[in-house]
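Open the structure in your viewer and keep the selection panel at hand. This tour goes stop by stop.

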Amino acid sequence: MSVSWLLRRLALILYTVFIVSVLVFGITQALPADAAVTLLGENATAEALNAIRERLGLGDPIWWQYLRWVGHAATGDFGLSMRTGQPVGPEMLTALGRSLLLAVAAILVMLVIAVPLGMLAAVRQGKAADMATGLISYLGVSFPEFVTATLLAMLLADSLQWLPATGYVSPLEDFGGAVRHLALPVLTASLILVAHVARMVRSETLDVLHSDYIRAARLKGLPERTVLVRHALRNALLPVVTIVALDVGYLLGGIIVIEEIFAIPGIGRQLMVAVTARDLPSIQAGALIMSATYAVANTLADVAYAVLDKRIRYD
Amino acid sequence: MTAVLSLRDYTLDYLTGSRPLRVLQDISLDIAPGEVLGLVGESGSGKSTLAWAIMRHLPKNARELSGSIRLGDTDLRGLPPRALTRIRGRRIGMVFQDPSTALNPTLTVGRQVTETLVNNRGLTRRAAWDLALELLGHVELRDPDALMRRYPHEISGGEKQRILIATAFGCRPELIVFDEPTTALDVITGARILDLFARLRAETGVAALYISHDLALVSRVADRVAVMKKGRLVEEAPAASIFARPAHEETRKLVAAVPRPENRLVHDRPGDRVLLAAEAVSVRYARRRLFRPPPPPATHAVGFDIRAGEILGIVGESGSGKSSIARALTGLADFSGGIRFDGRPIGSARDMDGAYRRAVQIVFQHPDGSLNPRQTVGEILSRPLKLFGTGSADLPAGNLAAEIGRLLEQVRLPAAYATRWPHQLSGGEKQRVAIARAFAAKPSLVICDEITAPLDVSVQASIIELLLSLRAETGAAYLFITHDINLIRQIAHRIAVMRRGELVDLLPIDAVDADHVHPYTRDLMAASPTPVG
């Protein structure tokens, strides 16, 4: 992994974000929503509408409006929300922070469950443990997240009263409360991911266990535990890195449902609210921030790949 | 004195589908302390299964019917898995065929050597590391300290095999099983590994089971040779006499299949017409980059010519650029320099028109990779027939089936094979299909890129016989790339010797032993194991 490779990847992220910015801006322009009407309401007078159009620069050529928007966005200024009148940038970044917290926690919980489960299934191939893992995996992928979420909330929040059903508490203010509030959404998100990651780990481990170097490791007298943990695990985990990076994308998008159910003001939920309210600056900011996060996550996955497998060299 | 390893009446089946398949039948053999027993046989004769049985690493569908396997006074068959772990590595070591797949790609070499020593010799990590350095130095590896910190992909195949051998010997076992340890290496590297084996064996006095399909090689390293056929031991004899007086028919077949340079198979002389001339052909692989020196070329300004009907051998160790020449001549790799074909200049792959591509055909090393597994043999052969329209004139147009049948018979396969899939064929049969595909185009030059390397010695002999008779029928010239010196000395008119991308010698066959040859050519000729006796 060379510096020039990292620089090129960085340039690629910027390029991706640029393309997305053009798309996002173009699409919001094409929407039938008139910013001035949205701001002032249906009953505004023509003079008032013209005045606000003048103030917002809506009469300027499209490309000039785009450049102005991108120029401000580059400094973190995405404009004011049409709904609340607050700056959009800080609001969206805070929301992204909450979503990332949820996503990272979900991925960690998922890995802790899925990796041992997948390896167990591979080692016990064709036996009861393997069958059970397969069944759990199928159930996990078969249930849509709102079903899983509702079932978990009914069980853990309603019947057992162990966890709060909805809401969000910042871990900086009340760590215990944050954990309790995040538990249900994290569990829901991770259960869905466990299903396919466990299957992936299983098939990769099976492949690795049939490789020559595992046979060699066994035949040079290494105990089975060492063979599995030191020799098989690392190689079996390589493809999982890619899957996890894709899952970050899924979590940022698909998490909307989970955030909605558990009333977490994450970026997905903010984006939903923005779309409903035709809050153009918020939509633009949200879409751009999400795509940038996705691009960064994929680059990080490539870096992790090179760290884990020394044969992969980016230059 | 008691034997180190002793098998008595050992019989083993594989359960395949409906009925069991007998793989080993009543095997009895002994290896005395310090003795090397060579085990030879074609693929499928059961010699590898015997190694797995000794290592107690049999597939799940194996069923041991009778017999005993004893290591000293330990009955290996009766041991539970936990006890076996303590036998493997410590009392029986193993060296594998392909060193590049026997090492874990994600761990450093040092880590893999030391973990074995820690586990099998009960050393601390630090002591194991020091011992590993000593062992690696002892097998003539330069700069062991740096080597230990590298990953397997960063070192050569020969170095990897040395490391694996050093580790196996370093655990001080009573017996080491060698499973074709030089097959995946080129001639010179393989010869040096054999020298190393002889030296370590003399120093340590360890007993060994040495498995190979190459009788010539085994007769040089072993004290006694056992010959296997279809799961049975058919002959056991001292290595010194097995070549001179093979008793069993199978042994005689193996002896006859060993290529001997003095036994020329080609007696004619090629014509004078130059078919193809390569002028200063250089092949470069990596992309050019700004601010970065270009990578060294895979071949550098190689020039030679091939006359009509000639067999030109290209030899050299792996990485010497042999295959890059084949890729350049077939337009698979970009090259600089020029090619003249039948007097026509060809400056780049773009100049290779239909006529050139029809006339110059290639057969690859691995038929598994070059035959599409989703096409039947008939479909595979119909492609060049349709593409080049080379069906013979006396057949009605469109009569593909008859033409495919004729091609198959030409390579001595039944015409009914047209409906078979590649996976239903043996390695030798697959290579025959690949040859038939090349000849479907009615070529005037066929490039054979290590086509016999994955095959047994006896199958190799029959493929060579086929190639020679096809040449007699069609007058095609061959560019025969190989690292089997003895084989190429039997058939080539001239030999081109390559080293590090450069052509160091281009010699008529009767001049390869002359005094004026390049020192590297002399090394290469000396490194080829010729049969004992």
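Begin with salt bridges: a search of the whole structure, a predicted model, finds 33 of them over all chains. Side chains of opposite charge can pair when their charged atoms come close.

**Chain A as a whole**

Now colour chain A by secondary structure. How many helices and strands does chain A have? There are 12 helices and 0 strands. Read along the sequence, the pattern is α-α-α-α-α-α-α-α-α-α-α-α. Zoom out to see the extent of chain A. Its C-alpha atoms fill a box of roughly 85 × 55 × 35 Å along the principal axes.

**Where chain A meets chain B**

Show both chains and select the residues in contact. Chain A gives 21 residues to the contact, and chain B gives 27 residues. The size of an interface is often given as the accessible area lost when the parts come together. Here chain A and chain B bury about 2,300 Å² between them, with 55% of it on carbon and sulfur atoms. Which residues of chain A lose the most area to chain B? Pick A:Leu219, A:Lys220 and A:Arg230: together they account for 29% of what the chain A side buries.

The side chains of A:Lys220 and B:Glu115 meet in a salt bridge, at 3.5 Å from N to O. For polar contact, the count between chain A and chain B is 12 residue pairs, both residues being at pLDDT 80 or more.

Next, highlight helix H9 (212-219) and helix H10 (224-261) of chain A. These are the elements that give two or more residues to the side of chain A that touches chain B. H9(A) supplies the largest share of that side, 6 residues. By residue type, the side of chain A that touches chain B divides into 6 nonpolar, 5 polar and 10 charged residues.

**A sheet in chain B**

Move to chain B and select S6, S7, S8, S3, S9 and S10. In the order S6-S7-S8-S3-S9-S10, these 6 strands make an open sheet with mixed pairing. Strand S6 (92-95) and strand S10 (232-238) of chain B stand at the edges; each has a single partner strand, so one side of each is left without a neighbour in the sheet. Neighbouring strands of this sheet are turned by 20° against each other on average, direction ignored.

Zoom in on strand S3 (residues 36-40) and strand S8 (residues 207-212) of chain B. They run parallel and are joined by 5 bridges. Click B:Val36: opposite this residue, in S8(B), stands B:Ala208. Then show helix H1 (residues 47-55) of chain B. This helix packs on the sheet and touches S3, S6, strand S7 (175-179), S8 and strand S9 (224-229) of chain B. The direction of H1 makes about 145° with that of S6(B).

**Another sheet in chain B**

Select strand S17 (residues 445-449) and strand S18 (residues 477-481) of chain B. They pair in the parallel sense over 5 bridges. B:Val446 stands opposite B:Tyr478 in S18(B).

Definitions and conventions
Residues numbered from 1 in each chain as written. Chains lettered and ligands numbered in written order. Predicted model: local features only at pLDDT ≥ 70, side-chain atom pairs only at ≥ 80, totals over all residues. Heavy atoms only, no water. Pairing = 2+ DSSP bridges. Helix = DSSP H or I, 4+ residues; strand = E, 2+ residues; numbered from the N terminus. Contact = heavy atoms within 4.5 Å. Buried area = accessible area lost by both parts, 1.4 Å probe. Salt bridge = Lys/Arg side-chain N within 4 Å of Asp/Glu carboxyl O. Polar contact = N/O pair within 3.5 Å; in protein donor to acceptor, adjacent residues only side chain to side chain. Nonpolar A, V, L, I, M, F, W, Y, C, P; charged D, E, K, R; others polar. Axes fitted to C-alpha atoms, helices over the stretch in contact; angles between N-to-C directions.
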